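Please look over the sequence and the model below before reading on.

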Amino acid sequence: MKSVLKRIVTFGLAAAIATSVTGCATSNQSSSSDVASEKKSGSKTVITLGMHVANVDEQEPVTGKIIKAFEQANPNITVQIQGNDKDAHVNKMKLDAQSGELPDIFWMDSSVAPQLNSSGVLLDLSDFLKAYPAVNTALSENMKAASRSSDGKQYGLPYQSLVTGFWYNKAVFKRVGIDAPKNGTTYDELIKMVKALHTKGIIPIAQGAKDAYSVWGFLTGLERYGYFSKIDSILNGKAKFDNPDFLKYFSKINTLGKAGAFPSNCATSTYFQAKADFTSGKAAMFDSGVWDAGVLDKSIGKNIGFWWGPTFQDSSDNQKVSMNVSSAPFCVSKAVGDNQSKKDAVYKFLAFYYSKQAAKISYEGSIIPATNYKVDANLESKPAFKAVVTALQESGWSSPKAQPDLVLTEAVQAQLYDSIYGTMLGTYSPKEALEKIDSVQQQQ
Amino acid sequence: MNKSNRRTGFSTGAQVGIYVLLTLVVLLAILPFLWMIMLSFKGNSQILSNPLSFPTTINLENYRRAIQLLNLGNLYKNTIFIVVVSIAIELCFTFASSFALAKMTFRCKKTRSALYEFLLLGLAISPFILLFPVYRINTIVHLKEQMGLVMPYVASSVSFNTLLFVGYLKELPSEIDEAAIIDGCNLGQLIIRVIVPMAKPVIATVVVFNVLYIWNEFPFASVILHHTSNYTLALGASFFKGKYNIDYSGMIASSTLMIIPELIFYGIFQKNIVSGMTAGAVKG
Amino acid sequence: MHWLSRKRNILMMLIPTLMIYLVYMIIPIAIAIGYSFTKYTGIGKAKIVGFNNYMRLFRDHTFWIALKNTAVIFVIAFVLLMIGAFVVALLLNLNLKGKSFAQSLIFSPAVIAPIIVGILWVFILDPQIGLINAIIRSLGFGQGIKWIGGKTLTPVSVAIVYFWQQLGYLATIYLAGLKMIPVEIEEAVQIDGASVWQKLRYVTIPMMRSTISTVAILVITGTFKIFEIVQQLTNGGPNHISETLITYSYSATFTNGEYGYGMSLATVTFFISLVVIAIYFGLSKERGRKEVS
C-alpha cells in the first residue's frame, strides 16, 4: 500500500518537474499533478496535512495515532503529512498562502492565522460545524471563539486544549522540609518557598530564557491582574500595558528573580534545559504545560504535582484563574471548498479528529483534546496527566477566553515574552519592561 | 617546492616549535568535534544535566534511533542529486564567466571591473533575506521541490566562485594561452584543453566549498521542499525537534552520520588538490 | 587572447551566469529592499510607508546594540582570522610530516553545519553546563565566567567560535595562494640569503596580495552574516543584548512578523558590509601605493 502511494507521489512529482522543465506548464500545474495521483489511485482521495513538526509519529504521537485510526476507518482517504519544524513550517505556510499551494489542512500559529484569514486564503468552517452538530457541541464556545473573526467567520478550529501552569516535585519539597504549593498558594508564600529552596541550592522555578516563549505560568498571572478587562482598550490605544496593576505584577516577578527563583544560567538555557533541570531533580518547580505530562510520568512519577500559580492579595481581580484554552488552530485552505470530493474528505477528517474516539486516543496519550466529551480513561498509570485533570476539575477556578499572549500580534507577543524574562533576570526594571511592550504596540 | 623547504634552514628548536604549534592548532580544531562524538553516545538527560561525564557505556541507542527515524538512504540520495546538478551547472556557468572576466580583453576596462564587482555583491547577502522573493520567483517560473532549490543554489554560488576563479585565472601566465591560440586553438579548445587542466586546484577548492554549502544549507531547503520524500540531510535534524521537546542526542547522532561522508569526501578531494598542485608546479 | 575576445564570445561566456544571478540574486535583493519601504506582515498586501522603517531603526535602541555587537565580532574575528589563518597556511606549506593529515583535521570544523557548530559550543561555553567553566570550577578557580549570556562577553565568544569554524577553511584558501608563488622566486630569494622574516615581508606577502583580498572579502562578508552561531549560543538574548544585525533582522522578520522592518534592517546591514569592504580596499590600495613608492 505504502509503496504504491510512494510511486504515485513520485510519479506526480516527476510529471510536475518534467512539465516545469519543458516550460509548457500551465498555471493550474499543481492541480494537474493532483489529478494524476487521483486517477492512479482509483477512487482514493488524498488530503494533505501541514504540521509544525517534521516527524509526527515521534513528536506529536497522539495526532499520529488519530490519523492512523482515521485512515483505518476511511480506507478510501489518505492523509499525506507535510511536516517541518515550527518556525520553518510557519514561514512555509506564509509563502504557500501567496502561491496558492497551501496544504488542505494545516496547523497555524494563533497570531498568524488571523492574518491568513484576512488575506482570504482560509475556508470558513461554519458550514462544517453546521453539518456536524455533535462536533459543534463538543467544542465549547471559548474554544471556537478563539479562531473566529469579528465578522463571524470560523477560520480555524483548535488543534488541542492548551493547559499551562507550574509542575512541582513533591519529593524536592519534602527534602527541604517545606510544604509544596497548592491552588490558592499566595505570592508571599511562594517567596518564602523560593528563599528556602534557594538556600538549599535547589533551583526554585526552572525557566529557560533562550526560548523566550516559555513563560506560560507567568502569563496566567497577568489575568489575575485583570488582563482581559484591560486588553481591548490597550489594543485600541486608550490604555497602556504600563498601568498600575501590571506594574505591581511585574515588580513581583522582579522580586522573585532577586530572591533567586530562577536558575543562574537562565539567560543561556533553553526551555529544554529547564525541563532537564526539573526532571533530574535539580529544580523544584517547572513552568510548562500538559504536553510535558508524558515525560514527567516517566521521570518523576508519583511525586509530580501541578498548580495554577500564585495568587495575589493586592489585586482586586479574580484570583481563581486556571488556564485551559484553545491552542493554535487547524486551518483549512480555501481551495478545498472548490473541490467537492476533497471537501468531503476534509470534513470527514475533521469530524473524526473532533470525535469521541479521537478524544479517547488523546487522553490515552496524555493530551487534553479540544473537545469536552466525557471519556473513560484509566489515568492511574499517568500521575502527571492525572494531576492536570484534577487541577482542571478544581471547583471555582475558571479559564479566560484565551491565553493572554494569543490575542496579540507576533511582535507584541515577542516583546511581552522578552519583557517578562527581562524582569525576571533584572535586565529591565518593571516599568521599563512594560514601556517596551507599549512602544512595540504603538508600531502595530 | 618541497625540496626548497629543507633549505629554509630552520634549527631543530624551531622545528620542534613548529610541530608543537601545528599540534595545538589541530587539537583546537578537533576537540569540539571529538566532544560531539562523545555526546552522541549519551542519553538526552545526561547531555543536559551532566554533559561532562564520560558516557558510562558505548551506547549505540542514539544511532539506532537516528537510523530508524530518518530514511537516511533517501536523504543522501536527495542531497547528492541536488549537489550534483547544482554544481555541474554552476561550474560550467561561473567558470566561463570568470574566464571572460579574467582573461578576455574588454574594450572598456571599466566595464570589466564593474561587472566583477557586481558579481561579488551576492557575498554580502544573508540567505534568509532572499527566501520570500526566491519563493515567489520559483512560483512564477514554475520550479519547485528539488529543481526549485538548484537555481537559488547556483545563484548563491556565483559570487564566491567568481571571487576564487577570477583571482586564480588572473595569476595564470598568459603566455601559455597565447601560445595555444597561435597553435590554432579556438576558445572552447583553449578552455577545455589548456585552462581547465591548469585550474584543477581551484576547481577542486570551489567544488569542495560548494558541496559543503549545499550539503548543510537549511533556510532555502526548509521552505522550498514540501514533501518529506524530497528532504535533504540538513532537514534531517528537524526530525528530532518537536514544538515543546527536542531530542538532542538523536540530533547529534544524526549530525555525526551526516558529517562522516563529508569528511570522507573532503579527504578524497584534498588529495586531488595536492596532486593538482604538483602537476601545475611541474609544468610551471 | 585579444583575437578571441570578440564581443559575441564575451557575451556567450557571461550570459548564463548573469541571467541566473540576475533572476535569483539581484531581483530578490531589489524586492527585499523594496519591501523595506513598506509595512508588511508577510501575508496579504504590503502598505507603502516611505522611510518610516528607517526612521524607526535609528530610534531603536536594540538596533544600536546589534550594531555594536556586530562591530565587536567583526573586529575580533577579522584580526584573528586574517593573521591566524595565514600562520596556519604557512605551517601547512612547510615540508612537515603528516601535514596533509593535519590539514584535513584543521579543515574539519568547516564541514560541520553551522547550526551544529552552535549547539556544540553551547556545551563548551555555557556558564552552568559548559566544559570551560566545569574545568575552571574543578581546578578551584571560583565559579567561572559568563562566556555567553552575560552582559559583555557574548560577542567575543561568538567571534571565537567563528574563528574556530573558519580557520581551516580560510587557511586552505591562503594555502592555494602560497602554492601559486613560483618556485623560482622562492629559490632566488633563498640563494640571496634572506631570513625567513624578510622572505615573508618582501616576497610572500606582496605576492599574495590578491589572495589576501579574497580572504578579507570572505571574512568581512562572513562576519556580517554569522547567524546560526548566535542563534544557538544565546538567540540574541538575554533581552536582545547579544543581538547582531542579522539575528535582529531575522527575529523582526520571522519571529515578529514585521517583514518590512526586518528588510530595512537587512538592507542597512547589506550596505554597512559593502562600506566596510570599500574601506578595506581603500586602505589596502593606499598601503600598496606607499610600498611601491
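In this predicted model, helix α10 of chain B runs over residues 187–198 and has 12 residues. From its first C-alpha to its last it reaches 16 Å, close to the 16 Å expected at 1.5 Å a residue.

- The buried residues of α10(B) are B:L187, B:L190, B:I191 and B:M198.
- These residues lie on the same side of α10(B), because they cover an arc of only 90° around the axis.
- On the face of α10(B) turned away from that buried side, the exposed residues B:G188, B:I192 and B:R193 are found.

**Contacts of chain C**
- Where chain C meets chain B, the contact takes 76 residues from chain C and 74 residues from chain B.
- Helix α1 of chain C (residues 7–35) supplies 16 residues, the largest share of the side of chain C that touches chain B.
- That side of chain C, sorted by class, has 55 nonpolar, 17 polar and four charged residues.
- The contact between chain C and chain A takes 21 residues from chain C and 26 residues from chain A.
- On the side of chain C that touches chain A, six residues are nonpolar, 13 are polar and two are charged.

**Domains of chain A**
- Chain A is divided into domain 1 (43–158 + 328–364) and domain 2 (162–324 + 384–443), and 30 Å separate the centres of these two domains, taken over C-alpha atoms.
- Six residues of domain 1 of chain A are in contact with seven residues of domain 2 of chain A.
- The side of domain 1 of chain A that touches domain 2 of chain A has three nonpolar residues, three polar residues and no charged residues.

Technical notes:
Residues numbered from 1 in each chain as written. Chains lettered and ligands numbered in written order. Predicted model: local features only at pLDDT ≥ 70, side-chain atom pairs only at ≥ 80, totals over all residues. Helix = DSSP H or I, 4+ residues; strand = E, 2+ residues; numbered from the N terminus. Expected span 1.5 Å × (residues − 1). Buried ≥ 20, exposed ≤ 12 C-beta atoms within 10 Å, placed from the backbone. Arc of directions from axis to C-beta. Contact = placed C-beta atoms within 7 Å. Nonpolar A, V, L, I, M, F, W, Y, C, P; charged D, E, K, R; others polar. Domains from an automatic or database assignment.
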